[in-house]
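Dear colleague,

I am handing over the structure below for your study. Please read the notes that follow with the structure open beside them.

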Amino acid sequence: MPSASIAATRAYARRTRRKGGNRIPVSRPGSEPCEPPTPAVASAGGVGLTGASAGPSTSYTSPYDLRRKSPSHHPILPSAVVPGSTSSSYISMLPARKRPRRSCSLSNESTGSGTIRTAAQYLQSDLPDEVLLTIFSYLLELDLCRVSQVCKRFHTIASDTELWKTLYHRVYEYDLPLFHVGLCRFEFIPPEESEHVNSWKESFRQLYRGLHVRPGRTSLLQSGRRLHFFNTIQSALDHADETAHPSPIIFLHTGVYRGEFLVIDSDVNLIGAASGNVAESVIIERESESTIMFVEGSKNAYAGHLTLKFAPDGTSNTPHHKHYCLEVGDNASPTIDHCILRSSSVVGAAVCVSGVGANPTIKHCDISDCENVGLFITDYAQGTYEDNEISRNALAGIWVKNYANPIMRRNHIHHGRDVGIFTFDNGMGFFEANDIHNNRIAGFEVKAGANPTVVHCEIHHGQTGGIYVHENGLGQFIDNRIHSNNFAGVWITSNSNPTIRRNEIYNGHQGGVYIFGEGRGLIEHNNIYGNALAGIQIRTNSDPIVRHNKIHHGQHGGIYVHEKGQGLIEENEVYANTLAGVWITTGSTPVLRRNRIHSGKQVGVYFYDNGHGKLEDNDIFNHLYSGVQIRTGSDPVIRGNKIWGGQNGGVLVYNGGLGRLEQNEIFDNAMAGVWIKTDSNPTLKRNKIFDGRDGGICIFNGGRGILEENDIFRNAQAGVLISTQSHPTLRRNRIFDGLAAGVEITNNATATLESNQIFNNRFGGLCLASGVQPIARLNKIFSNQDAVEKAVRNGQCLYKISSYTSFPMHDFYRCQTCNTTDRNAICVNCIKTCHAGHEVEFIRHDRFFCDCGAGTLSNQCQLQGEPTQDTDTLYDSAAPMESHTLMVN
């Protein structure tokens, strides 16, 4: 069809139908020309949908004058009558009607032009709008364009929205106008949102050159309408090829098209045409071979608003593993838009994009309820896949393999009976802002060298895990939300090495990130919280890098390293977890550096059952239990840390624990800075242990250890307390400025004291209970205050200087007259004053506080003021709380 773009500034007189008429420019007084038309696609007769402008002329006779016979037209064919179109049916059934005889002549020669102008004036000006609108409703689109150019009034009435909407429905069936907004882009735009005054007419103009596949219809090629109809899709494609039409548009009308073998190798546009949900009403279906194939040459092809089905015959022996409802091959890059894609084949996939140069755009499509894979991209193929619904497929929603590298954005991938997205065998791809949820296996699986990039996706409510990377898988997972999965949010195993960065990983029914079976990976800048098990779990020789994460408010521990797990764990913030901030056990050897581990409901860092590793330059504080606990053969290196604010002490080493503590600052803990007990034997070297609200170092119940070159100062209780059969070695330590004694040894304990400096402690430098004989050499004990002896000399009750939180060492007694128990003690001055004349018993020289001064005995202390309610005397500091191991699989 020739294209006639009519310029708004040019007008030509219509050639007269009288014999010998001349084509001359004219000016017709008394009539207004039509408004300049919009450029339009012309029919074969040279008339576009906006018509041709006619210039004014005094000698021009309008072909629309009611007094003239109408110009000859082809009769309207019966096939042009669309069922349900009342106006066309009405025109074909009108009886022949004689025009009323007029007194005026039709001839200019006999009457002049006055009468003719009067009739034209009546038609153009005086005939009511409703009558003209009724008349125009019997016209087809090309005639409407012609009549709209008679005058401004005709142009206004002929541009009536309802006129064009009715015509539009009969031709295209759409409920909304469809616009061709760009290359391979068609959009339905509601009239109220359109920039065009008459959106139905404008859509008509844009789409008018299209071909129509509408079985049973005959092509209409007449002055009022020029439409081509075909019975099959292939015949329409052949016609487009024969006419060499660039980018032809083929409308597929309502119906089911079966058995056609469609191979598209040109830039053709296939669009469904129906009312309601267009794609559901236009179905292309095959039982063998692929339903539609795009091959080389279809660079700018388009298929939109169609249902493509591949439904193989179940009784056939033909293999279908390479047959699909949509297949895109080498060097093909079609656009597939708003299509429904279905396959009932139990092998293969619904959609296959394969080969070098395969680069389609698939958007707004529904790939669901297939008995196989939904979308399969392979063999170096690419493509852009956006805003698709991919759900309820028997196998993976999407497969990407063999160096395929698609771009996938804003897809909804859910309720699959397998994995959501599976990249394997070196598959790649960029996945952005997809919603992946409720799949039976992982939401996203990476395997065998695959290396996808996944950003801004939401991966949640998986029936197993969120992301599963295994068998040397790679990948970058950045800025995703991974939550509410039944198993771990991220699984990494079998030498896989992905990057997990800036994700939110939360509310998992098990752990947050689970690295096992020699997995690796870079885990950084993530926010991991609210998971039922550990925020990060590392086991079985796995060796990841974990840094700059926030791991908090877990229902279990923060980081759990076990079964020979390794890893570099640095600069994370681990806080407010229900169990330990970090657990290290069963031969594991991670390195923890510069982390902030705090505000936990149990221990900060917990080494047990041969847990090892290095703890360096961390800030560990404000835990309900100890900052660090070491037990049962664990032997970590703890160096350069700040350990403070523990409600149960700074460091607790017990039950055969070992460890090397060097250059740490351990301060402001509610109980002892360091506890060593039950056959434990750590080494403490060059630490600062100070400002404790109890003792500095407390060693009891057979504890040992080597304490060298430490500074122990300003603690509320003894700088070093050694009790109950313990035997540590203290060398070259400085123990000073304590609020109680420097070193106290009691309860059958002993020690080796070499070259220590013990000075300026309130209750004395070295205080030994009865029967204690340590090995002491080259120690310097000086400038201690001996506040206990001063209180005794001044006749004070020793409770006055100690209260029930401190335990001065001196002689203590019991009063048999007052029926004191084995847990009571009375200082020497109370014996002399408050219990004078009573039957008393010397017990021993040891640590105690005075129960008489505390007001816990029957008689009131005469050396104290108001009594203080208290319980039995404790001879040692309160025992620390120990963590109970909870095994996690």
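Val-356 is found in the loop between β17 (349-354) and β18 (361-363); strands are DSSP runs of E with at least two residues, numbered from the N terminus. This is a predicted model, in which local features need pLDDT of at least 70 and side-chain atom pairs count only at pLDDT 80 or more, while totals for chains, interfaces and linings use all residues. Residues are numbered from 1 along each chain as its sequence is written, and side-chain values use heavy atoms, with hydrogens and water left out.

Val-356 is exposed, its relative accessible area being 55% (exposed means over 50%, buried under 20%, and partly exposed in between, with a 1.4 Å probe and protein chains only).

Turning to the aromatic residues, the structure holds 40 aromatic pairs. Rings of Phe, Tyr and Trp (its six-membered ring) pair if their centres lie within 6.5 Å; planes under 30 degrees apart count as stacked, over 60 as edge-to-face and the rest as tilted. The centres of the Phe-431 and Phe-444 rings are 5.1 Å apart and their planes stand at 90°, so this pair is edge-to-face. Phe-431 belongs to strand β27 (residues 430-432) and Phe-444 to strand β29 (residues 444-447), so the pair ties together parts that are 13 residues apart in sequence. Both Phe-431 and Phe-444 are buried.

Finally, an open sheet of three strands runs in the order β75-β74-β76 with antiparallel pairing, where two strands pair if DSSP finds at least two bridges between them. Seven bridges join β74 (residues 809-815) to β76, and Phe-812 stands opposite Arg-844 in β76.

Yours sincerely

Technical notes
Helix = DSSP H or I, 4+ residues; strand = E, 2+ residues; numbered from the N terminus.
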